[in-house]
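Here is a friendly walk through the packing inside one protein model. Have the structure open as you read.

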Amino acid sequence: MSIGLKSKTVVLEPHQAEWEAEGKRICAEIREILGDDAVDVQHVGSTSIRGISAKPIIDIAVCVRTFEDIRKHDAELEAHGIVYRKEDYPGQHLYRCGDFENQIITHYIHVVLEGSYQWRNYINFRDYLNTHEEDAKAYEKCKLDLWEKYPNDRDAYVEGKSALVTQILEKTSKRVVVQPYDPGWEKDYEDIRKEISEAIGELVLSIEHVGSTSVKGLSAKPIIDIDVVIEDGTRLAPVISALEKIGYHHRGNLGIPGREAFGYEGKDHLRKHHLYVCEKNAAELRRHIAFRDYLRTHPEAVAEYSRIKTEGAALYPFDIDKYIEYKGPFIEGIYKKAGI
């Protein structure tokens with residue numbers, strides 16, 4: 001197995017199955033050392049992408065809640081050959097393995113925070129290229145061309161592929177992520193509801209938590225869906241005005257009568273959410289409420305829908321349309337049972 005490369009140089013080798021085995025081994029070793037202080041540890045980078053050439057250096061991403069959670073293990077990590085280097089980028093710390101006297105690096109361990117864009121980028125980049133062969137081969141060709149051009153200038157090599165890396169990451173931005181039910185979603189909804197209610201409380205009939213995060217025990221994308229209910233269309237204008245004052249903007253009905261969509265800016269203190277204003281007699285509102293209420297009283301349906309959503313996300317991790325299509329028959333079946 002070939003692992004290791006002299007610092008600052010570029011050499012690409014065809015993908016080796018042994019890289020995957022070494023990735024699993026070092027991930028397990030780090031998990032053993034960090035214990036519960038590690039949120040997750042994953043093999044990332046080009047050696048984790050099947051079928052493409054890569055520098056023979058194993059990249060590992062470690063997700064922690066705080067950097068102190070790993071720094072307190074520095075002595076034990078170093079005893080295992082995992083040596084702290086520096087904060088190489090804002091919000092990211094670097095450890096290395098290798099023969100440092102001879103400037104040979106075998107592993108890079110990138111430590112990032114839970115929920116950070118860096119963690120998402122590491123995982124999404126790997127998973128996207130492992131499921132999109134054409135894009136993976138284009139990335140490989142870019143790397144091979146740059147290797148030929150900059151064999152002794154790793155900085156130029158990295159800079160040369162940065163535009164393509166950005167393009168690939170943009171393709172991953174709509175990844176379908178389904179998570180097990182999180183009781184914290186109820187508080188996330190309440191935080192959003194409170195902020196909205198303070199702005200428009202007297203203008204509306206109710207504010208409803210709908211969608212999958214509103215059903216206890218149901219796996220879901222971690223996005224809160226909210227329907228603000230108004231008497232009729234005559235109440236819409238003052239609601240739009242009030243919502244604009246707290247950072248929302250009206251996007252129109254997006255082709256669904258009686259349901260107005262809103263986007264927002266400056267809501268980093270709140271969970272990501274979808275906000276709609278619905279007339280009380282709107283068909284879409286009736287569907288949302290009926291679907292939610294049926295699932296809340298039928299735990300067997302919750303279990304089955306969780307299974308279908310999880311399967312759909314695994315089958316179509318970067319294709320939201322196919323994910324929705326995969327769920328369609330179950331959803332239609334629930335509508336019928338709920339009398340919609």
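Predicted model: local features only at pLDDT ≥ 70, side-chain atom pairs only at ≥ 80, totals over all residues.

Residues are numbered from 1 along each chain as its sequence is written, and side-chain values use heavy atoms, without hydrogens and water.

Val228 is among the residues with the most contacts inside the largest nonpolar core. Such a core is a set of buried Ala, Val, Leu, Ile, Met, Phe, Trp, Tyr and Cys residues joined through side-chain atoms within 4.5 Å, where buried means under 20% relative accessible area (1.4 Å probe, protein chains only).

| Core | Size | Residues include |
|---|---|---|
| Largest | 23 residues | Ile196, Ile226, Leu243 |
| Second, separate | 21 residues | Trp19, Ile26, Ile60, Val62 |

Now for a helix pair. The axes of α9 (residues 283-296) and α10 (residues 299-315) come within 6 Å and cross at roughly 110 degrees, which makes α9 roughly perpendicular to α10 (65 to 115 degrees). Axes are lines fitted to C-alpha atoms over the stretch in contact, with angles from 0 to 180 degrees between N-to-C directions; helices are DSSP runs (H or I, at least four residues), numbered from the N terminus. Phe291, Tyr294 and Leu295 in α9 meet Pro299, Ala301, Val302 and Tyr305 in α10.

Ile334, in helix α11 (residues 320-337), is buried, with a relative accessible area of 1%. Beyond its neighbours within four places in sequence, Ile334 contacts Phe291, Tyr294 and Ala301.

Notes
Helix = DSSP H or I, 4+ residues; strand = E, 2+ residues; numbered from the N terminus. Parallel < 35°, antiparallel > 145°, perpendicular 65-115°, else oblique. Contact = heavy atoms within 4.5 Å. Buried < 20%, exposed > 50% of the residue type's maximum accessible area, 1.4 Å probe, protein only.
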